[in-house]
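Try each task before reading its solution.

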Amino acid sequence: FPQRVTGALRVDKLGNSSVVYGIAIFADDEPLAAASGTFTHVFVERESNRPVPIPGPIRTALEKLVRP
């Protein structure tokens, strides 16, 4: 693949135990995304497989990525 691409990540929604990420791929310096999508990450306690609150330090980092 000779073409350079740039990937972008943002937080579309920050919940109590989940975060919805928005992602996009840009070709070269194009202003419009060539591809985009979302995915949801739910924080769970491994043994019970139940949702748990997002840990404080992680939440603090994610808050910086929230879409304005």
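**Exercise 1: A residue in a loop**

Ile54 sits in the loop between β5 and α1 (56-63); helices (H or I, at least four residues) and strands (E, at least two) are DSSP runs, numbered from the N terminus. The model is predicted: local features need pLDDT of at least 70, side-chain atom pairs count only at pLDDT 80 or more, and totals for chains, interfaces and linings use all residues. Residues are numbered from 1 along each chain as its sequence is written, and side-chain values use heavy atoms, with hydrogens and water left out.

Task: work out whether Ile54 is buried or exposed, and what surrounds it.

Solution. 
- Step 1. Ile54 is buried because its relative accessibility is 6%. Buried means under 20% relative accessible area, exposed over 50%, and partly exposed in between (1.4 Å probe, protein chains only).
- Step 2. Leaving aside neighbours within four places in sequence, Ile54 is in contact with Leu14, Gly15, Asn16, Ser17, Ser18, Phe43, Arg59 and Leu62. Contact means heavy atoms within 4.5 Å.
- Step 3. Ser17 is 37 residues from Ile54 along the chain, yet their C-alpha atoms are separated by 5.1 Å.
- Step 4. Ile54 also belongs to the largest nonpolar core, six residues in all, with Val11, Val19, Tyr21, Phe43 and Leu62. Such a core is a set of buried Ala, Val, Leu, Ile, Met, Phe, Trp, Tyr and Cys residues joined through side-chain atoms within 4.5 Å.

**Exercise 2: A hairpin**

Task: find out how β1 and β2 run and how many bridges join them.

Solution. 
- Step 1. β1 and β2 run antiparallel and are joined by nine bridges. Two strands pair if DSSP finds at least two bridges between them.
- Step 2. Three residues lie between the two strands of this hairpin.
- Step 3. For a landmark, look at Gly7, which stands opposite Ile25 in β2.

**Exercise 3: Positive phi**

Task: locate Asp28 and Asn49, and say which phi each has.

Solution. 
- Step 1. Recall that most residues other than glycine have a negative phi.
- Step 2. Asp28, not a glycine, has a positive phi of about 45°; it lies in the loop between β2 (18-27) and β3 (35-42). Asp28 is partly exposed because its relative accessibility is 43%.
- Step 3. Asn49, also not a glycine, has a positive phi of about 60° and lies in the loop between β4 (44-45) and β5 (50-51). Asn49 counts as exposed, at 57% relative accessibility.
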